[in-house]
Amino acid sequence: WSPDGAWLAFYQPTSSSLNLLKVRPGAGEPPVLLAKAGGAALPEWSPTGEWIAYHDENWRPKLISPDGKTTRALPPYPGAFAWAPDGKTLYQARLDPPALFAIDIAAGRDRKLRDLAGLQPYSSLNPGLRASLTADGKSVIYTILRPRQEIWILEGVEAPRPWWRSLLP
């Protein structure tokens, strides 16, 4: 959502690509195409309303102005985005290698905050990768995948009797 709640940025899959669009819900207007897109991370509107963070068709993070006229490249690593409340820093939970970075928007430079070994961001393509900053601004929340397999052995369990056995005396 845009900070004023008037617009929603989203990805629209087509038969050959993924598009970044914005729409004014309830207005009855058609969506506005902003750019070709790609990647698994959902677009994130900055709290100042100045930028939308997204991944281009080559899975490279970019910023685009809400009118679609201005773009800025970010460090070229895919991952989920979370904006700082002041809109000056964009946090990114990167995929490979898994690490949390802070991107200074004015300078365009990134700084590693910590490795995320064993905590690689994960989501299916629906709904997609997303990250959020906690209310106190001290933590980033995102989803991971921890596949687990277990084998169980049940002892002392009798197989149920067939239904027709209850008909016999």
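Mentor: Keep in mind that this is a predicted model. Begin with an open sheet of four strands, in the order β4-β5-β6-β7 with antiparallel pairing.

Trainee: Which strands are at the edges of that one?

Mentor: β4, residues 44-45, and β7, residues 71-73; each of them pairs on one side only.

Trainee: How many bridges join β6 to β7?

Mentor: Three, and the two strands run antiparallel. Within that part of the sheet, Ile-64 stands opposite Thr-71 in β7.

Trainee: What sits between β5 and β6?

Mentor: A loop that includes Trp-59; β5 covers 52-55 and β6 covers 61-64. Trp-59 has a positive phi of about 65 degrees although it is not a glycine.

Trainee: What does Asp-56 touch?

Mentor: Leaving out residues up to four places away in sequence, Asp-56 touches Lys-36, Ala-37, Gly-38 and Lys-62.

Trainee: Ala-37 is in which strand?

Mentor: Ala-37 falls at the end of β3, which spans 32-37. That strand belongs to an open sheet of three strands, ordered β1-β2-β3 and paired antiparallel. β1 and β3 are its edge strands, each pairing on one side only. On average, neighbouring strands in this sheet are turned by 30 degrees against each other, direction ignored.

Trainee: How do β1 and β2 go together?

Mentor: β1 (residues 8-13) and β2 (residues 18-23) pair in the antiparallel sense over six bridges. They form a hairpin, with four residues between them. Tyr-11 stands opposite Leu-20 in β2.

Trainee: And β2 with β3, over how many bridges?

Mentor: Five, again in the antiparallel sense. Leu-20 turns up here as well, opposite Ala-35 in β3.

Trainee: How far apart are Ser-17 and Leu-133?

Mentor: They are 30 Å apart in space, C-alpha to C-alpha, and 116 residues apart in sequence.

Trainee: New topic. Which residues have the most contacts inside the largest nonpolar core?

Mentor: Tyr-91, Leu-116, Leu-129, Ala-131 and Tyr-142, in a core of 14 residues. The elements that give two or more residues to this core are β8 (79-83), β9 (89-94) and β10 (99-104). Apart from this core lies another, of eleven residues, among them Ala-35, Ala-37, Ile-52 and Ile-64.

Trainee: What is Tyr-91 in contact with?

Mentor: Leaving aside neighbours within four places in sequence, the contacts of Tyr-91 include Ala-80, Phe-81, Phe-101, Leu-113, Leu-133 and Val-140.

Trainee: Now the whole chain. How many helices and strands are there?

Mentor: Zero helices and 13 strands.

Trainee: What is the radius of gyration, and what would a compact globule have?

Mentor: The protein chain has 23 Å, while a compact globule of 169 residues would have a value near 15 Å. Along the principal axes, the C-alpha atoms fill a box of roughly 85 × 45 × 35 Å.

Trainee: How much of the chain is buried?

Mentor: Of the 169 residues, 36% count as buried. The chain exposes about 11,100 Å², and carbon and sulfur atoms supply 54% of that area.

Trainee: And what share of the contacts is between residues 24 or more positions apart?

Mentor: They account for 31% of the contacts with a separation of 6 or more.

Definitions and conventions. Residues are numbered from 1 along each chain as its sequence is written. This is a predicted model: local features need pLDDT of at least 70, side-chain atom pairs count only at pLDDT 80 or more; totals for chains, interfaces and linings use all residues. Side-chain values use heavy atoms; hydrogens and water are left out. Two strands pair if DSSP finds at least two bridges between them. A nonpolar core is a set of buried Ala, Val, Leu, Ile, Met, Phe, Trp, Tyr and Cys residues joined through side-chain atoms within 4.5 Å. Buried means under 20% relative accessible area, exposed over 50%, partly exposed in between (1.4 Å probe, protein chains only). Contact means heavy atoms within 4.5 Å. The radius of gyration is taken over C-alpha atoms; the globule rule is 2.2 Å times the number of residues to the power 0.38. Accessible areas come from the Shrake-Rupley method with a 1.4 Å probe; for residues, only the protein chains shown count as cover. Axes are lines fitted to C-alpha atoms, for helices over the stretch in contact, and angles run from 0 to 180 degrees between N-to-C directions.
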